[in-house]
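Please walk me through this protein structure. Start with the packing inside, then turn to the charged pairs.

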Amino acid sequence: MAFEEINSKMVRATVAPGQRLFSQRGAMLAYQGEVSFTPNLRGGQGGVMSMIGRRVANEDTPLMTVEGSGTVLFGHGGHHVQVINLSGDTLYVEADRLLAFEGTLEQSTVFLGSQGGVMGMVRGQVSGQGLFTTSLKGHGSVAVMAHGGVFEVPITPHRPVRVDPQAYVAHHGDVRNKLSTALGWRDMVGRGSGEAFQLELSGSGTVFVQASEEKL
């Protein structure tokens, strides 16, 4: 495991020769050893298409490639940091909440509400939420950020979980998702995202929810 939780707001990463980490720009707090930090324009293992996806999602800041030999402390804005370990499965992370991840993971950019069709896209645009999420697949660890801590909610068959899009952090498992509206269009004026829009997750897996609706 590349990331060790130091406290609720910081993680320590071990960087070894021949291995890479990717982090959000500005996430490095301190480091020891011979470690380099360079902008990554290819978007990890996802390549150019992943980069294009981030551009569409208004994520203009590239990831940083972290290489060398030493240790790095990561954190950002005093936000809560949660480490999630993957063993061959896929994690979907709300783009703004991704702090750092191992280079062994395959990265791509996906539209979270794709299973909701065209109307799902329209609802997402109206809600102002980040529709494009980062998917990370393979074996490795991921550090994500949240406001006020993270709670894991199990998703089981016949018991879907509905989440305020602003409280959504990440999810994994055999899960389907769709964006839906809980109110009529005329009733949505002046309502918060959780009152007007919901992200429904069904199937079998886990969704990570933050303890606040505040955006990062």
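**Packing and charged pairs**

Leaving aside residues up to four places away in sequence, Phe3 touches Val11, Arg12, Ala13, Leu21, Phe74, Val83, Ala100, Phe101, Glu102, Ser141, Val142 and Ala143. Contact here means heavy atoms within 4.5 Å. The model is a predicted one, in which local features need pLDDT of at least 70, side-chain atom pairs count only at pLDDT 80 or more, and totals for chains, interfaces and linings use all residues. Residues are numbered from 1 along each chain as its sequence is written, and side-chain values use heavy atoms, with hydrogens and water left out.

Phe3 also belongs to the largest nonpolar core, which has 17 residues. Phe3, Val11, Leu21, Val66, Val72, Phe74 and Leu99 have the most contacts inside this core. At least two residues of the core come from each of β2 (10-15), β5 (63-74), β6 (80-94), β7 (98-102) and β9 (132-146). Another core lies apart from it, with 16 residues, including Leu98, Val142, Ala146 and Val169. A nonpolar core is a set of buried Ala, Val, Leu, Ile, Met, Phe, Trp, Tyr and Cys residues joined through side-chain atoms within 4.5 Å. Buried means under 20% relative accessible area, exposed over 50%, and partly exposed in between (1.4 Å probe, protein chains only). Strands (E, at least two residues) and helices (H or I, at least four) are DSSP runs, numbered from the N terminus.

Now the charges. How many salt bridges are there? The count comes to three, where a salt bridge is a side-chain nitrogen of Lys or Arg within 4 Å of a carboxyl oxygen of Asp or Glu.

Arg12 pairs with Glu4 at 3.0 Å, N to O. Arg12 is partly exposed, at 31% relative accessible area. Glu4 is partly exposed too, at 41%.

Arg97 forms a salt bridge with Glu94, and their closest N and O atoms are 3.8 Å apart. Are these two residues buried or exposed? Arg97 is buried at 3% relative accessibility, and Glu94 is buried at 9%.

Arg162 and Glu200 form a salt bridge at 3.4 Å, N to O. This pair links distant parts of the chain: Arg162 sits in strand β11 (residues 161-163) and Glu200 in strand β13 (residues 197-210), 38 residues apart. Glu200 is buried, with a relative accessible area of 15%.

One backbone detail remains. His158 has a positive phi of about 70°, although it is not a glycine. His158 lies in the loop between β10 (150-155) and β11. His158 is exposed, at 83% relative accessible area.
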